[in-house]
Amino acid sequence: MPHADIIAVILAAGKGTRMHSDRPKALQTLLGETMLGCVAHTAAQVAGRVLTVVGHGHELVRKTHPELAEGFVLQAEQKGTGHALQTAWQQVRASGARHCLVLNADAPLVTTADLDELLGAAREGSEIAFLTTVLPDAGSFGRVLRGEDGAVTGIVEAKDFDPARHGADTGEVNTGIFCLAVGAVEEALFSLTSANRAGEYYITDLVAHGVVSGLKVHALKREAALELLGVNSPLELSQAEERLRSATARRLLEAGVILHHPESVVVGPRAQVAPGAELTGPCRVLGASSIGRGAKLGAFCQVTDSVLEPGCEVREHCHLEGAQLSPGSIAGPYARLRPGAQVQQNARVGNFVEMKKSVLGPGAKASHLTYLGDAQVGAGANIGAGTITCNYDGVNKHVTQIGPGAFIGSNTALVAPVRVGENALVGAGSVITKNVPDQALGIARARQSNLEGRGKKS
């Protein structure tokens with residue numbers, strides 16, 4: 001539950017040169033979610049308010065995450081992490097929060113448990129608390145310095161680390177995740193200098209300033225906590241994505257979800273899968289999707305922002321986005337359900353059927369080779385193969401209404417706006433431009449003519 005006395009600041013201004021991408025690093029994705037989105041979602045579960053410091057590509061970041069609009073802070077010049085926090089500090093103070101969590105947008109695997117641990121240290125009196133981990137190869141991560149008594153004395157960025165000056169490299173590194181006592185660290189924050197090789201203001205220098213100033217500094221050390229480290233390259237992004245995918249699959253299995261070939265099942269951070277659901281890999285369940293108990297998802301499917309209610313079935317090779325399937329309904333194989341598609345109870349969408357902003361009523365069938373766009377199909381109706389709702393006139397979209405029990409013959413074009421009445425029949429091959437009354441037969445095609453001979457005789 002978010003705490004009103006806690007504010008979170010997410011540092012998301014970096015370019016991410018090593019990603020070799022035109023997108024800001026914060027917008028790189030894993031399991032269908034941006035790294036910034038993952039961090040913001042976690043932060044919002046703990047903090048009463050979330051600020052996001054943006055810089056490089058900030059227009060695209062704002063456009064991608066409008067839900068964070070109230071908390072954006074622009075760092076016009078990227079002068080380091082310390083400067084980023086300084087840029088947001090006026091809003092931190094104005095919030096009235098007692099503690100400030102500082103997170104990095106490129107560390108998407110941080111959890112609420114991690115943040116709760118930091119906050120626990122803060123409640124016990126730490127004025128600067130941060131998470132560290134020990135690596136066999138510390139690489140480009142900032143080194144944590146400790147005195148002979150084991151107490152933290154500072155953090156030195158990798159490019160400035162000198163064993164002759166700072167002592168042996170213990171492999172303990174800073175993860176970049178801090179909890180700061182707002183009322184205690186302000187003087188130290190604005191005392192930071194850029195006297196380093198990069199000429200930047202480092203938030204990590206707060207630790208040494210705090211120690212010298214007599215603040216209570218606490219480093220919470222983890223062993224090989226790779227999930228807390230930042231993502232700086234495509235390789236590290238893929239590794240973080242696989243850690244998250246694997247952990248999610250294990251959590252679902254332990255909760256009672258049936259996963260066939262779990263190593264190829266992808267479930268995004270916001271998706272919900274109920275115990276008793278059955279998923280066969282490879283498949284992807286992304287966005288705010290929800291899969292109910294007893295629902296089945298076949299292999300080679302992608303489900304995004306869709307609802308699969310209990311007892312429905314999505315067969316192989318289907319693509320769903322913004323769709324909803326009711327209990328007993330079936331989609332596929334090879335069905336495409338676009339935003340606004342609703343397949344109601346016991347209805348059937350078969351192979352090579354596309355639906356967009358349409359409702360297929362209870363027990364209705366569109367078994368193959370059909371496009372239903374802006375259509376309302378009544379209960380028990382049957383849509384023949386090759387049926388097309390012609391919903392777009394070049395300027396506007398129009399609705400097609402098909403009544404309960406109607407039968408649409410194969411290879412029919414329904415030119416909207418048009419209504420086919422209850423229990424009406426449309427002859428195969430028709431182009432329907434006028435309403436068909438209830439119980440009526442509608443047919444619109446040229447009369448067949450048979451001409452003798454196929455051509456010149458040899």
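At 39% relative accessibility, Glu-242 counts as partly exposed, while Arg-245 is buried at 9%. Here buried means under 20% relative accessible area, exposed means over 50%, and partly exposed lies in between (1.4 Å probe, protein chains only). The side chains of Glu-242 and Arg-245 meet in a salt bridge, 2.9 Å from N to O. A salt bridge is a side-chain nitrogen of Lys or Arg within 4 Å of a carboxyl oxygen of Asp or Glu.

Glu-242 and Arg-245 both lie in helix α8 (residues 234-255), three residues apart, about one turn of the helix. An α-helix has 3.6 residues a turn, so residues three or four places apart point the same way. Helices (H or I, at least four residues) and strands (E, at least two) are DSSP runs, numbered from the N terminus.

## About the model

This is a predicted model, in which local features need pLDDT of at least 70 and side-chain atom pairs count only at pLDDT 80 or more, while totals for chains, interfaces and linings use all residues. Residues are numbered from 1 along each chain as its sequence is written, and side-chain values use heavy atoms, with hydrogens and water left out.

## Salt bridges across the sequence

The whole structure contains 15 salt bridges. One of them joins Lys-25 to Asp-106, with the closest N and O atoms 2.8 Å apart. Lys-25 lies in the loop between β1 (3-12) and β2 (29-30) and Asp-106 in the loop between β6 (99-104) and α4 (112-123), so the pair ties together parts that are 81 residues apart in sequence. Both Lys-25 and Asp-106 are buried.

Glu-186 forms a salt bridge with Arg-93, and their closest N and O atoms are 3.2 Å apart. Glu-186 belongs to helix α6 (residues 182-189) and Arg-93 to helix α3 (residues 81-95), so this pair ties together parts that are 93 residues apart in sequence. Glu-186 is partly exposed, at 26% relative accessible area, and Arg-93 is exposed, at 52%.

## A stacked aromatic pair

The structure holds two aromatic pairs. In one of them, Tyr-334 and Phe-352 are stacked, at 5.2 Å centre to centre and 15 degrees between the planes. Rings of Phe, Tyr and Trp (its six-membered ring) pair if their centres lie within 6.5 Å; planes under 30 degrees apart count as stacked, over 60 as edge-to-face and the rest as tilted. Tyr-334 is partly exposed, with a relative accessible area of 40%, and Phe-352 is partly exposed, at 48%.
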